[in-house]
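You asked for a colleague's reading of this two-chain model. The points below are numbered so that they can be taken up one at a time.

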Amino acid sequence: MNQTLDIKHQRTQLPRLLMALPEDEVMTTAASFAEHYRIEDIKLPQAGLGLMQLKDSALQDGYFLGEIPLATAHVVLTDAQQNRTEGAAQIMHSEAGLARAIAIMDAVVSAKLTGHELVTQLLARGLTVLTAQQSSRKKMLARTRVDFSLLSSAEEEDADE
Amino acid sequence: MGYVAIKGGGQAIRGAEDVLETLRAGEGTSGTPLTIDAIENQLRLLTSRIVSEGGLYHPKLAALAIKQSQGDTLEAAFALRAYRSTMPRLMETQAQDTSKMRLIRRISSAFKDIPGGQMLGPTYDYALRLMRLDLTDESPEKFRDIARQFLEETPESNLPDTFPKVVEALREEGLLPPAQESVDVPFDITREPLIFPVPRSAALATMARAETGSLLALAYSNMRGYGDVHPTIAELRVGYLPVMLPHPITGELTEAGEVLMTECEVVAMYEDDSNQGKPTFTLGYGACFGHNEVKAIAMAILDRALQKGMKDGASNPSEDPEFVLLHVDGVDSMGFASHYKMPHYVTFQSDMDRLRTTQQKHEDSNNTKMGDAQ
């Protein structure tokens, strides 16, 4: 993944970056915004399942591979001047509370509300975690890169000796 | 088949639960309970089996299911299925694109040089099947050092995040049939019963959550001669697929999480059908949640066999959709086998009555014959 956090795409990367961090920390930070904003649910946070569709790469048929945990939330933050900002999240998780916390931060980041620096710091830390994770996966690939070559008949004779 | 309700046994059933728990803690005072993280990581291939056979990608719950079922894969998958049946369905995702997988393994047995290269990743393929006795008394310090040491010793790599699919290269060379976007709504096996004939999407979904051993057994029958797929693995890949969902407000695709999965395409015998134009190789496809290569390969072989069976009629059991798809589900089949342990006292009493009556008739008949002979 990209080594830097593209501000333009911050919102699309936000759930993944925040889910890379300890859940308690994300929940605590989100809860701290209740000091500055009235937080209301536009839709009740919900935890359930999503049916995951894939396209088979052989014949391009769509099919369902199975289900994934899914939590959703949609909130609105209202400040003292009655300015309203919406935030939402759909995450692969079984805790609706975490989806709500991420939805709150989605609102904060999207409108650069007071305290958005706190969220930006979390996102940067999430990016560090994910970069390390991706680096370790690439190391698994790099360490096991294989270049099979066909054994020539001359080599085969040598090996037999 | 008729059944009757029974009563009684409550105390014994509760006792049986206690005995199970007692055996789980059989190490006694020196024992420590398995942590969910330990199961998820140290028994990761077992966890993989359960997420795919349970039909739900939830490694933590799969690890818990393994713990509570004391390692019984069928019971663990059953527990995960039971859990999923209690949860509301919030959405169906758009079709996810597996070319976006963040790979940890990628091989081809068709070509030694594939675009992007082959990477063995974590595999036992080339390992000696000798007992590693050093693991019997593994020190925690040494254990904790393994991953750190690997990361320190391996230099950073500038490999790309994703790799092209081998089948696309074959398609570009005209060796495979051209890709045709399907507009059919996929079959949902969790909501609709399999009434044959079923579309291919039902077959793929059924096999994706099938029991690994069952799928392998049927695919093996094809490999050994009860079929003629003769597969070559175009590509087998293992990695993490980002799950992209639309942002609820902006609609922009947002990564909701990632799923470890295994995917396999096999190239099978070519079809020379003059009505269809240029002869091309045929393909089989397999995929499942988690890291389970045997399952993905077996599924790909059966997919190809079933395509043939659906088109030309089944010549072998592995080409018969009804035979394959109704016998590969672990929860279904273990449920049927296990139900024979439940009390069948009345039905068996009836069987005994019928046998005794028949025996009596047989005896009477013999007596009559002997009487006639005298």
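**Notes on the predicted model**

1. Helix α4 of chain B, residues 59–68, has as its buried residues Pro59(B), Leu61(B), Ala62(B), Ala63(B), Ala65(B) and Ile66(B). The model is a predicted one, and this holds for every point below. The partners against which the buried residues of α4(B) pack are α2 (36–42), α3 (44–54) and α5 (73–85), which belong to chain B. Just after α4(B), Gln70(B) has a positive phi of about 55°.

2. Ser85(B) is located in helix α5 of chain B. Is Ser85(B) buried or exposed? Ser85(B) is exposed, because 10 other C-beta atoms lie within 10 Å, and the cut-off for exposed is 12 or fewer. Ser85(B) and Thr190(B) are 105 residues apart along the chain, and their C-alpha atoms are separated by 9.1 Å.

3. Two helix pairs in chain B share α10(B). In one of them, helix α9 (residues 212–224) packs on helix α10 (residues 293–312) with an angle of about 50° and axes 8 Å apart. The pair α9(B) and α10(B) is therefore oblique, and its crossing is left-handed. On α9(B) the contact is made by Thr212(B), Leu215(B), Leu216(B), Leu218(B), Ala219(B), Asn222(B) and Met223(B). On α10(B) it is made by Val294(B), Lys295(B), Ala298(B), Met299(B), Ile301(B), Leu302(B) and Ala305(B). By class, the contact of α9(B) with α10(B) comprises eleven nonpolar, two polar and one charged residues.

4. The crossing of α8(B) and α10(B) is right-handed. From α8(B), the contact takes in Ala203(B), Leu204(B) and Met207(B), and from α10(B), Met299(B), Leu302(B), Asp303(B) and Leu306(B). The classes in the contact of α8(B) with α10(B) are six nonpolar, no polar and one charged.

5. Ser214(B) is part of helix α9 of chain B. Ser214(B) counts as buried because it has 20 C-beta neighbours inside 10 Å, and the cut-off for buried is 20 or more. Setting aside neighbours within four places in sequence, the contacts of Ser214(B) are His327(B), Val328(B), Gly330(B) and Ser333(B). The C-alpha atoms of Ser214(B) and Thr136(B), 78 residues apart along the chain, are separated by 32 Å.

6. Chain A has five helices and four strands, in the order α-α-β-β-β-α-α-β-α along the sequence. Of the 161 residues in chain A, 40% are buried. Among contacts in chain A with a separation of 6 or more, 62% are between residues 24 or more positions apart.

7. How far apart are the end C-alpha atoms of helix α4 (residues 116–143) of chain A? They are 40 Å apart, which agrees with the 40 Å that 28 residues should span at 1.5 Å a residue. Buried residues in α4(A) are Val119(A), Leu122(A), Leu123(A), Gly126(A), Arg137(A), Lys138(A) and Leu141(A). Their cover includes α1 (10–19), α2 (23–32), α3 (96–110) and β4 (145–146) of chain A, together with β2 (102–107) and β3 (118–119) of chain B.

8. Between the chains, 65 residues of chain B are in contact with 53 residues of chain A. On the side of chain B that touches chain A, at least two residues come from each of β1 (89–92), β2, β3, α8 (200–208), β4 (232–246), β5 (253–271) and β6 (280–289). The largest share of that side, seven residues, is supplied by β5(B). By class, the side of chain B that touches chain A has 31 nonpolar, 18 polar and 16 charged residues.

9. Gly62(A) is placed in strand β2 (residues 62–78) of chain A. Gly62(A) counts as buried because 21 C-beta neighbours lie inside 10 Å. Apart from neighbours within four places in sequence, Gly62(A) is in contact with Gln53(A), Lys55(A), Ala95(B), Ser182(B), Pro186(B) and Ser201(B). The C-alpha atoms of Gly62(A) and Val108(A), 46 residues apart along the chain, are separated by 37 Å.

Notes. Residues are numbered from 1 along each chain as its sequence is written. Chains are lettered from A and ligands numbered from 1 in the order in which they are written. This is a predicted model: local features need pLDDT of at least 70, side-chain atom pairs count only at pLDDT 80 or more; totals for chains, interfaces and linings use all residues. Two residues are in contact if their C-beta atoms, placed from the backbone, lie within 7 Å. The expected span of a helix is 1.5 Å times one less than its number of residues. Axes are lines fitted to C-alpha atoms, for helices over the stretch in contact, and angles run from 0 to 180 degrees between N-to-C directions. Angles under 35 degrees count as roughly parallel, over 145 as roughly antiparallel, 65 to 115 as roughly perpendicular and the rest as oblique. A crossing is left-handed if the near helix is turned anticlockwise from the far one by less than a right angle, and right-handed if clockwise. Ala, Val, Leu, Ile, Met, Phe, Trp, Tyr, Cys and Pro count as nonpolar, Asp, Glu, Lys and Arg as charged, and the others, Gly among them, as polar.
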